[in-house]
Each structure stands twice: as C-alpha cells, then as structure tokens.
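This report looks at a surface patch and at one helix. The sequence and the structure come first.

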Amino acid sequence: MAGVLAADPTLADFGRDPLWITIVKAVLLFLFLGLGVVFGVWFERKLISRMQHRYGPNRAGRFGILQSVADAIKMGLKEDLFPRSVDRVLYFLAPVIMVVPAFLAFSIIPFAPMVDLFGVRTPLQLVDLPVAVLFMLAMGAVSVYGVVLAGWSSRSPYALLGGLRSAAQVVSYEIAMGLSFVAVFIFAGTLSTSEIVKAQADTWFVVLLLPSFLIYVICMFGEAARIPFDLP
C-alpha cells in the first residue's frame, strides 16, 4: 500500500494532496490512535498484573487483547448516559471537547518521511504548520475546558470540586511543559514538527536536551493524571 521514499518532507510538501488521500491519511491516523489505546491499556494492565503476581485480563479475546473493547462497551451500557439532574448539552459537550483536540493534536505528528501511498507521493503526516508545536499545545489547553464543564454540568458539588482541581493540575503542569519546549525550538530553529525531526538527523534532542526531556516526561504524567499524580 505504501512504500517509503528517501526524501524528507518540507513545509512545501503539505497542502498538495488530493482530498481522497487526505481522507485516507485521516482514517489511518484514527485507526492507529484507536488501536493504540486498546493495546496500550491491555499492555499496562498485563504489566501491572504481573507485578502483582496475577494473570490480568485473559478472558476476552486471545491473551485478553479484547478486554479494553469489552470494558468500553460495559462502561457505555452499565448506566444512563445522561443522568436526570445534569445539564444535558454541557454534559454531552464535555467529553467531546476533551477527545476531539486530543485527536487533532496528532494531526501534526510525523510518522515517516515521504511515502508512495496508492501511487501518490505524500508525507506520512496529516498536516504541518509553521507553528505546528504551538497548535499542539493549544489543543492540549482546550481540554481543560472539558474537565471544568464535566464537573459543572453534573450539578454535583463534589464533581465540580474534582473538575476544578483537575483543571488546576493540568494548567500548572502545562507551564513547565511549554518551557521545556523552548530549548527544542532554539536548537531546531523552527516550530514545524517535520523540520524539528529533520534537525535531529545527527543527534537526537533527547540526548542534547536531557533536562528538558525529563521535565517533559514528568509534566506528561502530571497532565494525564497518572501515578503518582492521580490525586484528582
């Protein structure tokens, strides 16, 4: 379906794809993210279960690989999607505001150089911008509104306090995360993700900018509210 070509893409290579190629790349990106969540959750549960001397998911599908799918179906069917006391419009918009920007942020991530996709020469990246990294940071910031709206629309004081606390945590870690990117911008001389990748042809920035990388990893766990930042 696709063959990798030697040339690295530049900003001039984007915005020239036929509409159907753009749709194909968007569908492939969506499938990649969806399957990545399934395998990521499965692998984490398997890893933690072995650390706790138990099998972990091993019923749904081979090796329990479909457990994440089963959990998603169960969570969607086990209770009402709209409890009686909630603000229905905001209650519906809250998860949408959180999920859609998360997918959009991946649209500027380069997965490979120029490829031959169904006979069309195109970069294996949905889109690139001169300020692509700022776009990714903006998409991450928009998700804060979803967290606050989720607590507010539930009309529960406890959910509202939890939403505000989660929003405060996300905002506070975004400051350090944004500052950790500054060194990358200075070294690469650009905010374009494809150009940043090209600037690491000789040495990866994770080596040159190890302190920034460590700060980013800590902030990543903090923003995602994962252990040990899962207090909210």
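Which helix gives the most to the nonpolar patch? In this predicted model, α1 does, with eight residues. Both α1 (19–51) and α3 (88–105) supply at least two residues each. The patch lies on the surface and is formed by Leu19, Ile23, Val27, Leu28, Phe30, Leu31, Leu35, Phe39, Met98, Val99 and Phe103. Together these residues have about 1,000 Å² of accessible area.

Phe39, one of the patch residues, is found in helix α1. Its relative accessibility is 45%, so Phe39 counts as partly exposed; the exposed class begins over 50%.

| Property of α8 | Value |
|---|---|
| Residue range | residues 210–223 |
| Number of residues | 14 residues |
| Span from first C-alpha to last | 20 Å |
| Expected span at 1.5 Å a residue | 20 Å |

The span of α8 is thus close to the expected value. Which residues of α8 are buried? They are Ser212, Cys219 and Gly222.

What follows α8 in the chain? Just after this helix comes Ala225, which takes a positive phi of about 55°.

Technical notes:
Residues numbered from 1 in each chain as written. Predicted model: local features only at pLDDT ≥ 70, side-chain atom pairs only at ≥ 80, totals over all residues. Heavy atoms only, no water. Patch = residues over 30% accessible without salt bridge, like charges linked within 9 Å, V, L, I, M, F, W, Y side chains within 5 Å. Areas by Shrake-Rupley, 256 points an atom, 1.4 Å probe, with all protein chains shown as cover. Salt bridge = Lys/Arg side-chain N within 4 Å of Asp/Glu carboxyl O. Helix = DSSP H or I, 4+ residues; strand = E, 2+ residues; numbered from the N terminus. Buried < 20%, exposed > 50% of the residue type's maximum accessible area, 1.4 Å probe, protein only. Expected span 1.5 Å × (residues − 1).
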